[in-house]
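Reader: I am new to reading protein models, and I would like to learn how to describe one with care. Could you take me through this one by question and answer?

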Amino acid sequence: MRYSILFISVMLLFCQKALADVDSTYIQRFPQQLSAQTYVAKNFIFLHHDNEDLGISREYMPNNPVSLGLGVTWKNYSFSFGYGFDFMRDKKKGKTKSIDFQYHYYGRKFIFDIFYQDYKGFYDEVSDEKYVLYPDLHLKQISVHAQYVFNHRKFSYRAAFNQSEIQRISAGSFQAGGGINYSYINSDSTLIFENNPKRRILQVGISGGYAYNWVFGKGFYLSGGITVGANFGSDNIKHSFRKIEVSPTAFPRVSAGYNARSWSLRFSFLGNMISFQDIDKKEVNQLNGSFMMSYIHRFNSYPGVMKTVDKIMDKLPF
């Protein structure tokens, strides 16, 4: 597959008693119902391996290009699509074939993250402008994460990560949840997996953390948060978790931007870090996520066809 779908996000944001569950002193919705966005995004997944006994430290990075995208939001429903052009990648770092689907749902009380990432072709920068290529290294990940936001009446993830609301007064919230992660790794050329080139790792975890939206100036904001926890899993699914390993996990999120009445600008990052062991019982860290810069414009009027779309959406069972 020559091209890469680097960013597809389909958000169906449920109303879930939004007005009743919000302290309007802290959170306010934008009056416009229709908005469009353009963005630049960089999705990624890579491995970091540090084995002091063997004297190696390696980072297996993909060479996927930056994605350019467009999106539309109508009330609580959003769709966006991005594409990475081949000429935007550095040829010296080899070629990466990738499919990358990420879905991030920011509800009032719950947030969900779904990843499907399939990458083949990585490189390691051993020194300045000197790269070792691993074209056969294949990494696939499927994961689902959920968190409950305790202070959902005063703290808004939507204000920080999709600009459908405004955080009027600074506020934060504790959160707790968990997730499930499946990773498939196949390679004949890397030292980490030379005696076991195929790995299938299944992990289930619990996590908790804190996030905070800081509002300053007139329209500026900075949001940051992290959840940390433990994953319980096995690298041999056939044995059905007969040998359980416990590994740390972390999921940071950062967003900063500016909100005007009719437009917004946002810079955001999110990353999901999990760990597992190599053949010598040394830790290997896997990090996946995305960087994004986006411009959102809100419209005071909209085509009449959107009313028909809204009526159809209201009849759907979710």
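**Salt bridges and rings in a predicted model**

Author: The side chains of R158 and E165 meet in a salt bridge, with 3.6 Å from N to O; the term stands for a side-chain nitrogen of Lys or Arg within 4 Å of a carboxyl oxygen of Asp or Glu. This is a predicted model, in which local features need pLDDT of at least 70 and side-chain atom pairs count only at pLDDT 80 or more, while totals for chains, interfaces and linings use all residues. Residues are numbered from 1 along each chain as its sequence is written, and side-chain values use heavy atoms, with hydrogens and water left out.

Reader: Which residues do salt bridges that share partners join into one network?

Author: E165 forms a salt bridge with R158, and E165 also forms a salt bridge with R29, where the closest N and O atoms are 3.6 Å apart. Salt bridges that share partners join these residues and one further arginine into a network whose members are R29, R108, R158 and E165.

Reader: How many residues apart in sequence are the parts that E165 and R29 tie together?

Author: Helices (H or I, at least four residues) and strands (E, at least two) are DSSP runs, numbered from the N terminus. E165 lies in strand β10 (residues 165–167) and R29 in strand β2 (residues 27–29), so the parts tied together by the pair are 136 residues apart in sequence.

Reader: How many salt bridges does the structure hold, counting pairs such as R89 with D86?

Author: In the pair of R89 and D86, the closest N and O atoms are 2.8 Å apart. R89 counts as buried at 8% relative accessibility, whereas D86 counts as partly exposed at 24%. For the structure, the number of salt bridges is 7.

Reader: Now to the aromatic rings: is the pair of F216 and F220 stacked or edge-to-face?

Author: Rings of Phe, Tyr and Trp (its six-membered ring) pair if their centres lie within 6.5 Å; planes under 30 degrees apart count as stacked, over 60 as edge-to-face and the rest as tilted. The structure holds 22 aromatic pairs. In the pair of F216 and F220 the ring centres are 6.0 Å apart and the planes stand at 20°, so the pair is stacked.

Reader: What kind of pair do Y258 and W263 form, and which residues do ring pairs link into a cluster?

Author: The rings of Y258 and W263 are 5.3 Å apart from centre to centre, with 45° between the planes, and this pair is tilted. Y258 is partly exposed at 24% relative accessibility, and W263 is partly exposed as well, at 31%. The cluster linked by ring pairs consists of W214, F216, F220, Y258, W263 and Y295.

Reader: Which strand supplies the largest share of the nonpolar patch?

Author: A patch is made of residues with over 30% relative accessible area and no salt bridge, where like charges are joined within 9 Å and nonpolar side chains (Val, Leu, Ile, Met, Phe, Trp, Tyr) within 5 Å. The nonpolar surface patch here covers about 870 Å² and includes Y210, F216 and F220, with areas taken from the Shrake-Rupley method with a 1.4 Å probe, where for residues only the protein chains shown count as cover. β12 and β13 (220–234) each supply at least two residues of the patch. The largest share, 4 residues, comes from β12.

Reader: Which residues does Y210 touch, not counting those up to four places away in sequence?

Author: Y210 is found in strand β12 (residues 198–216), and Y210 is partly exposed, with a relative accessible area of 36%. Contact means heavy atoms within 4.5 Å. With residues up to four places away in sequence left out, Y210 touches G172, S173, F174, Q175, G224, G225 and I226.

Reader: What percentage of the residues of the protein count as buried?

Author: The protein has 2 helices and 16 strands. It exposes about 15,600 Å², of which carbon and sulfur atoms supply 61%. Of its 318 residues, the part that counts as buried is 47%.

Technical notes. Buried < 20%, exposed > 50% of the residue type's maximum accessible area, 1.4 Å probe, protein only.
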